[in-house]
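Hello,

Here is the structure I promised to pass on. Please open it first, then read my notes below.

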Amino acid sequence: MWRETLVRAGDRLVMDAVRRSGPWPAVLAVTAITGAAGELALPYAAGRTVDGFVSARPEATSWLAACAVIVAGIILCESAGVWARGASSAYAAARLRLSVLRHVLGVGPAATRRFPEGELVTRTGLNAEEAGRAPESVTGALALLVPTVGALVALTLIDPALTATLVAGIALILLVLRAFLRATTTIAGGYQEVQGEIAARLVDALGGARTIAAAGTADRETRRVLGPLDRLRAHGMELWRANASAGIQAGLIVPLVEVAVLAVGGLRLAAGDLTIGELYAAARYAVLGAALSTSLGHIGGLARARAAAARVAELLALPTTYYGTRHLPPSHAAPASHAAPALHATSAPHAAPVADARPGALELRGVTAAGLVVDELVIAGGSVTAVVGRSGSGKSLLAALAARLADPVAGTVLLDGVPLPELDRAELRRAIGYAFERPVLVGDTVGKAIGLGTDDHGAVSAAATAACADGFIRRLPGGYATPIADTPLSGGERQRIGLARAFAQGERLLVLDDATSSLDTVTERQVGNALTAESRGRTRLIVAHRLTTASRADRVVWLEDGTVLGHAPHHELWRDPRYRAVFQGDVS
């Protein structure tokens with residue numbers, strides 16, 4: 001049932017691609033109909049030519065010239081059709097790929113939690129391109145209906161008995177094509193699924209290329225990446241067998257149809273009901289009527305497009321992140337309900353109020369998300385809060401929830417009293433800056449990677465200075481204008497640029513998810529001091545692994561197995577041996 005639902009969604013996507021592939025389907029339709037009309041007219045003109053020469057009529061030469069004109073027109077239509085098919089596929093694929101890319105980016109991190117990165121690339125790239133070829137396949141297959149229908153009409157005008165014979169043959173051909181379409185769609189879906197699996201394994205391997213090289217496991221990793229090749233080959237062989245089987249069946253039916261039409265026509269000729277020219281025309285119309293058998297290529301392309309469209313439709317079914325239209329209260333006005341906000345959680349015993357009504361107050365109420373449970377947590381505006389805990393305790397998830405890179409299954413996350421999902425998208429991203437452990441730098445130059453489109457060089461430089469990145473950036477060949485692609489960066493330098501980007505963006509809240517792990521001790525201390533002495537009064541939520549980071553924070557949120565065990569200043573929590581065990585081995 002689930003697979004059938006996907007196929008139906010894919011079919012809708014195919015039809016949408018056909019409808020919205022620009023003017024090219026219309027061009028294809030015109031060339032196909034015009035070419036088919038020429039193919040239908042040619043047997044008639046050829047028959048009249050034969051009859052004219054047999055009877056020594058003077059108009060035979062005129063009919064011969066008409067045949068030449070019709071052939072030239074057919075060639076011209078074929079040439080224009082080939083060009084239009086390529087253009088329509090390129091247009092539809094580009095449009096669909098752009099739509100899928102926008103949707104995936106709109107879904108956000110949830111897309112990578114649902115599909116591996118390599119699978120996303122395959123569906124957004126290769127599968128979208130295959131689905132984009134649907135207009136070519138659909139119009140190509142439908143174009144073959146024109147000569148078939150025309151042949152039936154023409155045979156009916158010549159002799160209805162010939163039409164009945166051809167109809168029986170066409171019905172058999174349609175049954176073969178229908179079975180071929182169903183089988184090929186299923187097989188192509190399996191083939192594309194294995195392609196996505198290989199791509200996912202390859203992306204994983206490339207992400208760990210240095211580890212693989214250091215461990216000397218390149219051969220083993222190669223075998224792992226290419227492990228699904230046997231299944232890919234099996235699907236490929238199934239596609240070949242299905243195509244060969246359908247081709248043989250159609251190949252047997254077509255000559256039988258032609259022979260049957262000629263046999264009936266011969267009997268009508270012997271009875272004096274047909275002329276030699278009409279019999280010749282009937283033979284040609286029988287060939288045109290059975291032209292559907294040549295649509296195996298188009299049907300195979302349509303099957304692959306349907307299978308690919310089903311995979312793309314599954315991606316498009318992912319819900320995009322919803323954004324509201326609300327704005328945050330002015331930074332100088334704190335919500336009345338937060339006149340004296342505190343950092344606390346109902347499940348922990350060390351609550352301590354913080355008399356502070358500055359903007360940037362963060363609240364989590366009844367939040368549940370992937371094993372993380374927070375009954376109530378309020379972080380005072382302008383404060384520095386460290387989030388600590390063992391690996392897997394939920395630190396990164398808490399940070400993601402705070403920045404709305406993830407949404408809770410239940411509960412609400414609020415910034416200055418406004419639930420995050422109700423905030424306008426631009427307002428949300430302007431209010432919150434996020435720095436990652438392994439930042440991906442987006443932008444043509446280093447300066448644009450920090451400012452993300454802003455032209456305020458002073459703000460970019462100030463953010464880089466706070467992140468201890470200004471010095472090494474100015475030593476680059478082009479300074480802030482140095483292209484990212486031409487800038488070899490160490491892990492620490494990349495992290496500092498990521499920190500600078502967060503500093504430049506977040507107006508009320510900075511969320512740092514282990515964003516200083518690659519920095520040396522001196523630089524980490526400098527960045528930590530900059531965070532602690534933040535002059536803009538922004539709230540800072542820092543996922544911390546180092547003892548010094550926790551000790552500098554105003555408060556510490558201590559997580560264990562997705563539960564808040566404590567929230568208090570570091571020196572108070574330090575009395576608990578379980579808390580001290582979190583930093584075991586850290587002497588920084």
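What follows is a short tour of the side-chain contacts found in it. Please keep in mind that this is a predicted model.

**Salt bridges**

The structure holds 20 salt bridges.

Start with Glu422 and Arg326. They form a salt bridge, with their closest N and O atoms 2.7 Å apart. This pair links distant parts of the chain, 96 residues apart. Glu422 lies in the loop between β7 and α15 (425-431). Arg326 lies in the loop between α13 (296-316) and β1 (342-343). Glu422 is partly exposed, at 32% relative accessible area. Arg326 is partly exposed too, at 38%.

Next comes Asp416. Which residue does Asp416 form a salt bridge with? The partner is Arg508, and the closest N and O atoms are 2.6 Å apart. Asp416 sits in the loop between β6 (410-415) and β7 (418-419). Arg508 sits in the loop between α19 (491-505) and β9 (509-513), so the pair ties together parts that are 92 residues apart in sequence. Is Asp416 buried or exposed? It counts as buried, because its relative accessible area is 4% and the cut-off for buried is under 20%. Arg508 is buried as well, at 12%.

Asp416 has another contact to look at. Its side chain reaches the backbone nitrogen of Gly360 at 2.8 Å.

Asp470 is buried, with a relative accessible area of 16%. Arg474 is partly exposed, at 48%.

Now the network. Salt bridges that share partners join Arg114, Glu119, Arg123, Arg311 and Glu314.

**Charges over rings**

Arg114 turns up again here. Its charged end sits over the ring of Phe115, 4.3 Å from the ring centre.

Arg404 lies over the face of Tyr323, at 5.0 Å from the ring centre.

**Aromatic pairs**

How many aromatic pairs does the structure hold? There are five. One of them is Trp574 with Phe583. Trp574 is partly exposed, at 32% relative accessible area. Phe583 is buried, at 4%.

Phe583 also pairs with Tyr579. This pair is edge-to-face, with 5.3 Å between centres and 70° between the planes. Why does it count as edge-to-face? The angle is 70°, and the cut-off for that class is over 60 degrees, so the pair qualifies. Both Tyr579 and Phe583 are buried.

Trp558, Trp574, Tyr579 and Phe583 form one aromatic cluster.

**Where to look**

For a quick first pass, select Asp416 with Arg508 and Gly360. Then go to the cluster that includes Trp574 and Phe583.

Best wishes

Key: Residues are numbered from 1 along each chain as its sequence is written. This is a predicted model: local features need pLDDT of at least 70, side-chain atom pairs count only at pLDDT 80 or more; totals for chains, interfaces and linings use all residues. Side-chain values use heavy atoms; hydrogens and water are left out. Rings of Phe, Tyr and Trp (its six-membered ring) pair if their centres lie within 6.5 Å; planes under 30 degrees apart count as stacked, over 60 as edge-to-face and the rest as tilted. Buried means under 20% relative accessible area, exposed over 50%, partly exposed in between (1.4 Å probe, protein chains only). A charge sits over a ring if NZ of Lys or CZ of Arg is within 6 Å of the ring centre and within 35 degrees of the ring normal. Helices (H or I, at least four residues) and strands (E, at least two) are DSSP runs, numbered from the N terminus. A polar contact is a pair of N or O atoms within 3.5 Å; within protein, one must be able to donate a hydrogen and the other to accept it, and residues adjacent in sequence count only if both atoms are side-chain atoms. A salt bridge is a side-chain nitrogen of Lys or Arg within 4 Å of a carboxyl oxygen of Asp or Glu.
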